Amino acid sequence: MRKIILGLFAVFAIAVLGYFLFPYAVMLCSEEGRAVIHEKVQSFGVFAPLAFIGVEILQIVLAFIPGAPVEVMSGVLFGPLWGVVWCFAGIFIGTAIVFSLVRKFGRPFVLKMFPTEKLERFSLLNDEKKLSLTILVLFAIPGTPKDFLTYIAGLTKISPLKFFVIASVARTPSMACSVFMGANLGQGRFLASLILLAFIIILTFCGAIIRKKFIGN
């Protein structure tokens, strides 16, 4: 029942987001439409990046919502440089919130979000001697459920600061690829976006193979 409810909520959230973003996606197909989007973002001033950071934090906390679309949106709205900056800010704050909640409320809190068998898939995090290296590798591998891993990491003995640094730095390359793809879309460079998309798909496929060898499932 929990999986069904979470699944339905995720579908609903994606559907609502798609409904509101579809007109803007159509506008990206023309130079005039892209100019309107950029002018609209600029008209909000500082509230535009603040709102985006809030969306990124929400995506991190609700770990079952995929993060790539949010990162692509960041590139479309803010360009490559500020897209990465605002994504990084949201990821760092969201990660800190999740980690702090898990440290405060413990395993029962995590089990309300995820089933026991999902936690057991990453039992290798119980090895304290290799904990930092394991977290670095898992967060660097494309396609791993990084937001879910943040919940599990909160149950380990790694220090908060060390985890924040490792997790934020390790996930930056894959995040930057998504942001750059969005930035190219926002500037009408569709061929470059397709090349980056193909590159991301290949990395994700390779990451799935590495992850399977690394954690056994």
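User: Which element gives the largest share of the lining of the second largest pocket?

Analyst: Helix H8 does, with 5 residues. This is a predicted model, in which local features need pLDDT of at least 70 and side-chain atom pairs count only at pLDDT 80 or more, while totals for chains, interfaces and linings use all residues. Residues are numbered from 1 along each chain as its sequence is written, and side-chain values use heavy atoms, with hydrogens and water left out.

User: What makes it a pocket, and what counts as its lining?

Analyst: On a 1 Å grid over the protein atoms alone, a pocket is an open set of points where a 1.4 Å probe fits, with protein on both sides within 12 Å along at least five of seven lines; lining residues have an atom within 4 Å of a point. Here 25 residues line the second largest pocket, with Gly67, Ala68, Gly143, Thr144 and Lys146 nearest its centre. H4, H7, H8 and helix H9 (190-215) each give two or more residues to that lining. Its space is about 520 Å³, a volume filled by probe spheres set on grid points joined across faces, edges and corners.

User: How many helices and strands are there in the chain?

Analyst: There are 9 helices and 0 strands.

User: Why is helix H7 said to be largely enclosed by the rest of the structure?

Analyst: Buried means under 20% relative accessible area, exposed over 50%, and partly exposed in between (1.4 Å probe, protein chains only). In H7 (residues 146-153), 8 of the 8 residues are buried, so the helix is largely enclosed. Among them are Lys146 and Asp147 as well as Phe148 and Leu149. Their cover includes helices H3 (47-61), H4 (68-113), H5 (116-120), H6 (131-140) and H8 (160-186).

User: Why does Trp86 count as partly exposed?

Analyst: Trp86 has 22% relative accessibility, so it counts as partly exposed. This residue sits in helix H4 and touches Pro49, Phe52, Ile53 and Phe78, leaving out residues up to four places away in sequence. Contact here means heavy atoms within 4.5 Å.

User: And Ile195: is it buried or exposed?

Analyst: Ile195 has a relative accessible area of 53%, so it is exposed. Its place is in helix H9, and its C-alpha atom is 8.6 Å from that of Met181, 14 residues away along the chain.

User: What makes a set of residues a nonpolar core?

Analyst: The members are buried Ala, Val, Leu, Ile, Met, Phe, Trp, Tyr and Cys residues, joined through side-chain atoms within 4.5 Å. The largest one has 39 residues, and Leu125, Ile135 and Phe163 have the most contacts inside it. H4 supplies the largest share, 11 residues. Ile135 is in contact with Leu125, Ala153, Ile158, Phe163 and Ile166, leaving aside neighbours within four places in sequence. A second, separate core of 6 residues includes Val72, Cys177, Met181 and Ile200.

User: Where in the chain is confidence lowest, and where is it highest?

Analyst: Helix H1 (residues 2-27) is lowest, at a mean of 68, and H3 is highest, at 89. These values are pLDDT, the predictor's confidence in each residue from 0 to 100. The chain averages 81, and 84% of the residues score at least 70.

Definitions and conventions. Helices (H or I, at least four residues) and strands (E, at least two) are DSSP runs, numbered from the N terminus.
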